[in-house]
Protein chains: 2
Amino acid sequence: MNRENVILTELKGGGYRLTQARKAIIQVLCEARAPLGAPDIIVLMASIGTSVNKTTVYRELEFLKGQGLVAEVLVGDGLRRYELMPEGHHHHHLVCNECSAVECVEVESCVGEDVRQIDHIEKTSDFKVTDHSLKFFGLCARCRL
Amino acid sequence: MNRENVILTELKGGGYRLTQARKAIIQVLCEARAPLGAPDIIVLMASIGTSVNKTTVYRELEFLKGQGLVAEVLVGDGLRRYELMPEGHHHHHLVCNECSAVECVEVESCVGEDVRQIDHIEKTSDFKVTDHSLKFFGLCARCRL
DNA sequence: TGACAGATGCAACTGGGTTGCAATATAATT
DNA sequence: AATTATATTGCAACCCAGTTGCATCTGTCA
Ligand SMILES: [Mn+2]
Ligand SMILES: [Mn+2]
Ligand SMILES: [Zn+2]
Ligand SMILES: [Zn+2]
């Protein structure tokens with residue numbers, strides 16, 4: 001069973017409705033190969049035959065995030081992007097300074113996974129670290145041509 | 001000579017005017033101990049006796065950024081924050097999930113400074129890395145009380 | 001098929017940020 | 001000190017992602 005059906009089954013099992021909008025947004029996210037913003041999602045949903053109001057999209061993204069099925073990717077350009085929750089592995093992002101395109105990337109070793117360093121940060125800053133985000137900025141292949 | 005005067009002198013030397021708004025925004029940034037958003041800056045400027053239009057603040061921040069005197073800090077909550085350009089050392093940020101407060105933090109070793117790993121990312125992703133950003137999310141001291 | 005609760009559409013709103021243009025203030029010149 | 005050139009500022013209107021209240025609709029199951 002593919003990811004899309006796993007998600008639909010899980011939602012149904014949880015007592016949630018499988019509405020047109022919900023199925024379409026999940027399909028769009030499953031087919032995406034990079035995080036998408038709500039405006040993009042609206043267009044993509046329309047392109048597969050399901051036009052929905054933006055309010056619905058924002059509410060659905062919030063819902064799927066709450067279900068732990070979708071992750072929010074904040075790049076800092078004022079647009080919230082969403083991707084299917086990465087399974088198991090933890091990854092980071094490349095952000096193009098020219099076109100704002102976002103790609104996913106895995107990193108060998110990251111401070112965010114180094115218990116000793118996190119511990120040191122928590123002690124010296126009096127801050128409880130629960131998560132981290134690492135982004136590399138630069139130029140994507142297309143913008144370098 | 002303190003940082004504030006160094007900046008004013010540098011700007012004057014560059015042929016730029018030392019206006020009320022410019023002096024006030026620089027003072028506010030110099031006195032800040034964490035990155036500030038434009039709305040905060042407007043209030044702080046008013047509190048030291050210099051009320052300015054928001055347009056001026058946005059334009060001035062853009063100007064100071066262009067001069068390399070101020071750095072933009074994007075946390076992803078839809079608010080652009082600014083801090084005095086860190087001198088020499090490179091640092092990262094702690095972001096509170098509750099109150100969105102931002103603190104600066106230095107890290108022993110970060111992937112972003114590991115030439116080997118950056119090189120590997122550039123080759124496998126066909127992406128030219130020019131910069132990176134590392135943020136730790138969690139709870140600040142105040143929000144944990 | 002009916003009914004209920006969850007989901008949706010709509011319209012109005014919020015707030016950070018931008019833009020064009022006219023008015024003003026800084027700093028060099030006379 | 002008055003004059004001038006232009007960098008800087010204020011204003012008003014605008015942009016756009018995201019939010020909210022409420023009436024309406026629809027998926028699901030009895
Ligand atoms: Mn990591
Ligand atoms: Mn670093
Ligand atoms: Zn690009
Ligand atoms: Zn906090």
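How much area do chain B and chain A bury between them, and what percentage of it lies on carbon and sulfur atoms? In this predicted model, chain B and chain A bury about 3200 Å² between them, buried area being the accessible area (1.4 Å probe) that two parts lose on being put together, summed over both, and 59% of it is on carbon and sulfur atoms. Local features need pLDDT of at least 70 and side-chain atom pairs count only at pLDDT 80 or more, while totals for chains, interfaces and linings use all residues; side-chain values use heavy atoms, with hydrogens and water left out. Residues are numbered from 1 along each chain as its sequence is written, and chains are lettered from A in the order in which they are written.

**Interface of chain B and chain A**

- The contact (heavy atoms within 4.5 Å) takes 36 residues from chain B and 37 residues from chain A; in chain B, the residues that lose the most area to chain A are B:Phe127, B:Phe136 and B:Phe137, together 19% of what that side buries.
- Across this interface the rule finds 4 salt bridges, a salt bridge being a side-chain nitrogen of Lys or Arg within 4 Å of a carboxyl oxygen of Asp or Glu; B:Arg116 forms a salt bridge with A:Glu108, with the closest N and O atoms 3.7 Å apart.
- The largest share of the side of chain B that touches chain A, 12 residues, comes from β6(B), where strands are DSSP runs of E, at least two residues long, and helices are runs of H or I, at least four residues long, both numbered from the N terminus.

**Strand pairing**

- Strand β6 (residues 128-139) of chain A and β6(B) pair in the antiparallel sense over 11 bridges, pairing requiring that DSSP finds at least two bridges between two strands.
- Within this pairing, A:His132 has B:Phe136 in β6(B) as its bridge partner.

**Salt bridges within chain A**

- A:Arg3 forms a salt bridge with A:Glu87, the closest N and O atoms lying 3.6 Å apart; A:Arg3 lies in helix α1 (residues 3-13) of chain A and A:Glu87 in the loop between β3 (80-84) and β4 (92-96) of chain A, so the pair ties together parts that are 84 residues apart in sequence.
- A:Arg3 is partly exposed at 26% relative accessibility, whereas A:Glu87 is exposed at 55% (buried means under 20% relative accessible area, exposed over 50%, partly exposed in between, with a 1.4 Å probe and protein chains only).
- A:Lys128 and A:Glu122 meet through their side chains in a salt bridge (3.5 Å, N to O), in which A:Lys128 is partly exposed at 40% and A:Glu122 counts as buried at 19%.
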